[in-house]
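Please open the structure in the viewer and keep the selection tool at hand.

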Amino acid sequence: MWWKNAVFYCLDIETFASSTGSDRGDIRGLIQHIDHLHRLGVTCLWLMPFYPTPDRDDGYDITDFYGVDPRLGTHGDMVELIRTARDRGMRVIADLVVNHTSAEHPWFKESRSSRESPRRDWYVWQDEPPTDGPQGVVFPDQETSLWEYDKKTKQYYLHRFYKHQPDLNVANPEVRDEIARIIGFWMELGLSGFRVDAVPFLLETSGQDDKDSLPDPHDYLADLRSFMTRRNGEAVLLGEVNLPYPDLMPFFGGVDGGNTPSELTMCFDFVGMQQMYLALARGDAEPLAEALRQRPAPPADGHWATFVRNHDELTLDKLTESQRKEVFDAFGPDEDMQLYGRGLRRRLPGMLNGDEQHIRMVYSLLFSLPGTPVMFYGEEVGMVENLELPGRFAVRSDMDWAAVRRQRAEPDSLLAWFRLLIDRYRDCPELAWGGYEVLDPGPKARSVLAHRCDADDASLIALHNLADQKATAELLLTGLAGRELHDVLDPRADPVPVDDEGRIAVELGGHGCRWLRAGSGPEGGAG
């Protein structure tokens, strides 16, 4: 269960680093910069799509699931990357984008060649768009329908995303077998798992004539997981499932005679992330605190993946319209900063106007929250968005290596802060392995998120002030009466004594944060 206390780092090879000095990154460039990630403390690389592509959707429109885009490198380069990462204690996972293909994929070309094509049923075709089919256009500025008419065969095909990305028919056993072969191929080359793109869409069967007789989509996900486990018992499936908690939990699946999820190993916590931004906008911790209280526990060997930003727009679709407006007003008031009316095409430092104390507090929060932290490239040096680039590309600009080089020499840089957070996260196993409890910070500290993680004989109390004004948290800590708490992030700070009734009072400056620990390490600190 290496994923329990891993540090994931998502990057796009094309924008990360070039080995030739060109304006396009490549696999060899990533290999040359792998020691930056090693020094940072990353333990798992998540690669965005590197497969051959017409590149109409930043690589998510794929023409060969077994290939490497020649603009980025070769299979040999990919094997060398995986080997080099493994030598430094890092695993590698990749995007599994099998909800759809490019319209230029040979499978789709064959499928649309005639209604009698052997691969006709590899995609979803209908005479007319069904009224009971999938609803909701994902990209309303680009598409008006989920169905596109094909003049040659006089039928419509389904495309959950762009019309140049037709959906595969995953209900077809031949398609399922092909996906298993794709997974098996890359695992043989050394991948330790996959981040599964658009999982709910992948399993969608609405709109198909025989939907009532089709197999349960979750049975397929379980079969896929079982196949992976037979190949590598340590392989991980990290799912993009942006659904409310009750609808998301089935994607973990049940457990097979133990604690192991039978479907996805991990799921991103989109609900918690969105409530975090609402809390930041208000300077009031309650939205995030309530989300953490409501978040169900995954199977014991499963885990939540927590994140501040990712490669897409900052989606706020689970907030109400008025809540979304609060976040827009605080962090993206200009229309050009917003996307589709549901999200922001900004990175955190831009949203917080470069306020480094504020930025540091948010990332401290990320590494202390229960779950596995997932970073997006450039976060460690405070990269901002480039709003001159269209759409989601605003947050996918080239890695800022000049900032990396500058911050390496600065002991108080943001990069140094990230290294400290990752070191302390790995030093405190209760953050990854323990149970957690949201604490009441008292009536005068609504801006403070206080939570506690416990494992074995160690306890860590994390305090984060989401407001710019100082606040004093007054906490009752059961089982810690008479103990001393040591500041994990600042060992020079005086210990905080817990009185005989188990109470402490801790003052935090504006956007302040502290990790206070009672444990078995030196002086009760991280051991």
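Strands (E, at least two residues) and helices (H or I, at least four residues) are DSSP runs, numbered from the N terminus, and two strands pair if DSSP finds at least two bridges between them. This is a predicted model, in which local features need pLDDT of at least 70 and side-chain atom pairs count only at pLDDT 80 or more, while totals for chains, interfaces and linings use all residues. Residues are numbered from 1 along each chain as its sequence is written, and side-chain values use heavy atoms, with hydrogens and water left out.

Select the open sheet of three strands, ordered β4-β6-β5 with antiparallel pairing. Because β4 (125-126) and β5 (147-150) stand at the edges with a single partner strand each, one side of each lacks a neighbour in the sheet. Next, select glutamine 126, whose bridge partner in β6 is tyrosine 156.

Finally, select the cysteines: the structure holds zero disulfides (pairs of cysteine sulfur atoms within 2.5 Å). Cysteine 267 is buried, at 0% relative accessible area, and its sulfur is 16 Å from the closest cysteine sulfur, in cysteine 44, too far for a bond.

Terms used. Buried means under 20% relative accessible area, exposed over 50%, partly exposed in between (1.4 Å probe, protein chains only).
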